[in-house]
Amino acid sequence: MASTGQGGSPYKHPYHLVDPSPWPLLAAFAAGLLVTGIILQAHYGMIWPLVLGAAGTLVCMFGWWRDVIKESMTPGMHTAVVRLGMRYGMILFIASEVMFFVAFFWAYFHFALYPEHVSGATQAIWPPQGIRTFDPFHLPFLNTMILLLSGCTVTWAHHALLHNDRKGLIVGLALTVLLGMIFTGLQAWEYAVAPFPFRDGGVYPSTFYLATGFHGFHVIVGTIFLAVCLFRAIAGHFTPEKHFGFEAAAWYWHFVDVVWLFLFVSIYWWGAGEIAPH
């Protein structure tokens, strides 16, 4: 493509040719060590591979994203064509995350719709006999309202950014991060008072904790993602014309919102059985 040299770019094309970087290789080793550490900790109680893997992954994430932020602030690197490619990449990433959760919902509905498939069940009912569930309109409903409200505040922050309202951007992002932290705290409390065990409880706790636990992990990741955007907003990194880092975080957060709505309706509400006392 012909060069335009726009935006102060010294290059004669609109693409970003990535410099050699150690982060992809280091991140692959760190992720491998992290997964190995999880397996060793679960089976043999060895904790140090897990700690090293988690620390290495965090270091790689920090260093890699630091370099990307530096690139985004360098004229001529993250051009309009490059940002379009990033949008396609983020869309494909979220699509892969959708399929990730489809697997969990598939497992849940397989047993919920066909309870006769539950191994050892004396009665073909769902939830299985002996399982008492959460009141969907108690703590789960409160968490639903908190997450929906956080979707409103992140949209407010985006609207403020588009209108060059820096104070509104910072306040909206700060509230979203706070609501994400409150959601995580309430989820931890819900697990602490759950009427069914985390281990050795059968298929219902397995599908429940797998789906809601991975959603909770995504909330934590999204909260960190938005917190980074908050620090960048305070530092003045975003402009109404150029703020893909914030857009990606907002897309991710809305995806987390939608997944929770499916979890609330299908697992907490539709799948409710005998309600446990609070």
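Which residue follows α6 and has a positive phi? In this predicted model, that residue is G236, with a phi near 80 degrees.

**Helix α6**
- α6 is made up of 32 residues.
- From the first C-alpha of α6 to its last, the distance is 46 Å, close to the 46 Å expected at 1.5 Å a residue.

**Largest pocket**
- The largest pocket holds about 2,000 Å³ of space.
- Two or more lining residues come from each of α1 (23-44), α2 (48-72), α3 (80-113), α6 (203-234) and α7 (244-270).
- α2 provides the largest share of this lining, with 12 residues.
- The lining comprises 50 residues, and M61, W65, V221, I224 and F225 lie nearest the centre of the pocket.
- Sorted by class, 33 of the lining residues are nonpolar, 12 are polar and 5 are charged.

**Largest nonpolar core**
- In soluble globular proteins, nonpolar side chains tend to be buried together.
- Here, the largest nonpolar core contains 53 residues, and the residues with the most contacts inside it are L169, L173, Y204, F208 and F246.
- At least two residues of this core are supplied by each of α3, α4 (139-162), α5 (166-192), α6 and α7.
- The greatest contribution to the core, 15 residues, is made by α7.

**Contacts of L173**
- Leaving aside residues up to four places away in sequence, L173 touches A157, L226, C229, L230, A233 and F246.
- L173 and F246 are both among the residues with the most contacts inside the largest nonpolar core.

Key: Residues numbered from 1 in each chain as written. Predicted model: local features only at pLDDT ≥ 70, side-chain atom pairs only at ≥ 80, totals over all residues. Heavy atoms only, no water. 1 Å grid on protein atoms, 1.4 Å probe; cavity = no way out; pocket = protein on both sides within 12 Å on 5 of 7 lines; lining within 4 Å. Points joined across faces, edges and corners; volume = space filled by probe spheres on them. Helix = DSSP H or I, 4+ residues; strand = E, 2+ residues; numbered from the N terminus. Nonpolar A, V, L, I, M, F, W, Y, C, P; charged D, E, K, R; others polar. Core = buried A, V, L, I, M, F, W, Y, C linked by side-chain atoms within 4.5 Å. Buried < 20%, exposed > 50% of the residue type's maximum accessible area, 1.4 Å probe, protein only. Contact = heavy atoms within 4.5 Å. Expected span 1.5 Å × (residues − 1).
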